[in-house]
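Morning, everyone. Sequence and model are going up on the screen now. I'll take accessibility, salt bridges, rings and then the interface.

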Amino acid sequence: MNLEIILRSGLSTGTILIFAAIGEILTELSGIQNLGVEGMMLVGAMAAFKTSLATGNPWIGLLVGVAAGGLLSLAHAVVTIHFQADQVVSGLSLTFLGTGLALVLGEGLTGQNAPLIPNFTIPLLSQIPWVGRVFFSDLNLLVYIGYLFIPIAWWYIYKTRPGLHLRAVGEKPAAADSLGVSVYGTRYLYTFIGGCLAGLAGSSISIAISPGWYSSQTTSGQGWIAVALVIFAQWNPLRAALGGYLFGMLRRFMLDLQGPMILFGAPNPFFYNHNLAFFLQMAPFLLTIIALVLGSASSRRQRIGAPAALGVPYVRGERD
Amino acid sequence: MSLPFHLQVEKRLEDPPRWLPVATSVGAIVLAFLISGIILLLIGGDPVKTFQYFYNAAFGSWGALSDVIVKATPLLLIGLGCGIAFRMKLWNIGAEGQFFIGAFCASLVPLVPLMNMETTPRAVVLLVMALFGMIGGALYGFIPGFLKAKFNVSEIISTLMLNYVAVYWNNYWIYSTFSDAGFQMTKMFPKSAWLPRLADLAQQNRAFSGITLHLGVVFGLVAAVILTHIINHSRWGYEITLIGDNPKAAEYAGIDIKRNIILVFMLSGALAGLAGMSEVSGVVHRLQERISTNYGFSGVIVAWLAKLNPLATILVSFLFGALIVAGREIQPSGLYFLIQGTILFLVISSDVLLRYRIRFVRTSSEAA
């Protein structure tokens, strides 16, 4: 077990969660809850892998993966914004739809090798002692894009005018509407952006960070963990980033626990009884629940949390 | 360009006609098959042949029909459980996990064994197994219910996470303590732990030979009748519906919402747990990794498509049983999910027709 390996693995796999979670944060801040992240990620992963395989260019694959996630999210947008359908049920059906589409269109992709988005070492920064070696050398390009994306998302949401409009639409749509901000337009836009980011998260699995197409196992529930991360992060991209990286590290740590014969000076039970590993595999999901319990307790104390109009359809001229 | 009429969408002030919800559900299913057919056509398949194959695989013979009912049984129980929770706007997406834990607890009876499997009458064994399944599912449903009532933890996330936990929990036991000679399954249950099948009557009536239909479906039908009664004729049913429709009014009326959240979650879990028992005792006769064809999630769709009505759930689960039976025979395998997702999407979109009416309005000459 090696701290550097765990850290670097956390940075890589955490990036996937962070793209998806920040996308969902943007969507939810506009007042739309989209639980279809898992489905959109899977479609994104499939589309990116298939396109990269067909064109030989992973960047075109990435673009198509992002677009596929975005397109799928529009189905949710139409149904929840215009038809005012229940957002929970619509999000769930989006997951089914996405899974179905990805499995049908992804027939025969398993076991193929598509061109991948490369790893990269950043000059100069990688020369910094220890930090350079861990954070800036030989990581996937998308991991670095993640580094940049997190502060930009935070700045956009809290420090810019469009960000203010976004939050207004999620908190008090009627007030935003009366000030001339288009509620429907804003919600469509950020549902679409959330879908694109889920597509990006899926693509960064299949053609970058843990490459390959393994049908529904490709995402293996990470979309749901991203949704949980949003609540844990209290809709703040910086907290989402912290949570995402920590979660990635934790997963790697659980995996590494099974390796050594001696663990913390005692015989390692996970080494001698491989079946105990099932309890290690449970741990991330149990920890997500515990994080939610802690998160919801603290958010109640500080009176911050979900956008006030989250999940509530907006009809002009109707009182809530 | 000017048309002699235009479409006008307006809110319905009165209740929609009674036939409309049925019509929209049926329309959604038909449309879902059409769309899936088009997608099949686009990827180079033959939709007509596929759907013919679908039909034959599901209804082509008595054996196939019995298979459909066998597959519909867990869907019915889970759909009922989800339906009662959804009535209260409790999103129990954890039926899959409650199903696994129910199957596990029921399996403890013959595997440990908790009673003498040779001498105890079969009816007693089966009753105890059913009880264990229900208790297991109820306890597993208690967790998200408690977390929701006490800490306001989103039940969607907690139930989903608990699904994964339940699968790993089961795997631990079937890979270790209860493993049959190192295989990833337990040994076969003794006959006294098997739910009776129609095939058992083959000696009296040759027509029943090979028919796998088992008693579990009766559990589902009885549960549907009881739930209908609870919803329509009991105080508790009224409370559940009121909390779902208007939690504020329910609170003012002095209804204990937190208590109901936990109770309804436990009922929902108990039904899923009973489905798990019915599956291990009636179909596979052992505990193994693959006992569910995504029943937990399909149950969500079944409940919604049935508009949370227990009796309608019987019909819808039958349809979805047919989808599963046919789906395992056709390629590509994802088609089953695709049709499910499309159906659900169309159903929730069509709900707009229940709340709004669309009218053709003649455009007056001066406006044109």
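One definition to begin: buried means under 20% relative accessible area, exposed means over 50%, and partly exposed lies in between, with a 1.4 Å probe and protein chains only. Lys148(B), at 22% relative accessibility, is therefore partly exposed.

Ground rules. This is a predicted model, where local features need pLDDT of at least 70 and side-chain atom pairs count only at pLDDT 80 or more, while totals for chains, interfaces and linings use all residues. Residues are numbered from 1 along each chain as its sequence is written, chains are lettered from A and ligands numbered from 1 in the order in which they are written, and side-chain values use heavy atoms, with hydrogens and water left out.

Salt bridges next. The criterion is a side-chain nitrogen of Lys or Arg within 4 Å of a carboxyl oxygen of Asp or Glu. How many does the structure hold over all chains? Four.

Back to Lys148(B). Its salt-bridge partner is Glu155(B), with the closest N and O atoms 3.2 Å apart. Glu155(B) is buried, at 3%.

Another one is Arg235(B) with Glu239(B), also listed at 3.2 Å between the closest N and O atoms. Both residues sit in helix α8 (residues 235-245) of chain B, four residues apart, about one turn of the helix. Helices here are DSSP runs of H or I, at least four residues; strands are runs of E, at least two; numbering starts from the N terminus. Arg235(B) is exposed at 66%. Glu239(B) is buried at 11%.

Over to chain A. Arg133(A) and Glu4(A) form a salt bridge at 2.5 Å, N to O. That pair links distant parts of the chain: Arg133(A) is in helix α5 (residues 131-135), Glu4(A) in helix α1 (residues 3-29), 129 residues apart. Arg133(A) is partly exposed at 45%, and Glu4(A) is partly exposed at 21%.

Now rings. Rings of Phe, Tyr and Trp (its six-membered ring) pair if their centres lie within 6.5 Å; planes under 30 degrees apart are stacked, over 60 edge-to-face, the rest tilted. There are 27 aromatic pairs over all chains. Take Phe120(A) and Tyr144(A): centres 6.4 Å apart, planes at 75 degrees, so edge-to-face. Phe120(A) is in strand β1 (residues 119-120) and Tyr144(A) in helix α6 (residues 141-159), so the pair ties together parts 24 residues apart in sequence. Phe120(A) is partly exposed at 39%; Tyr144(A) is buried at 7%.

Last, the interface. What does each chain put into the contact? Chain A gives 46 residues and chain B gives 46, contact meaning heavy atoms within 4.5 Å. About 4100 Å² is buried between the chains, 81% of it from carbon and sulfur atoms. Buried area is the accessible area (1.4 Å probe) that two parts lose on being put together, summed over both. Phe96(A), Val104(A) and Phe278(A) supply 16% of what chain A buries against chain B, more than any other three residues. Salt bridges between the chains: zero. On the side of chain A that touches chain B, α3 (58-82), α4 (87-105), α10 (222-232) and α13 (277-302) each supply at least two residues. The largest share, 13 residues, comes from α4(A).
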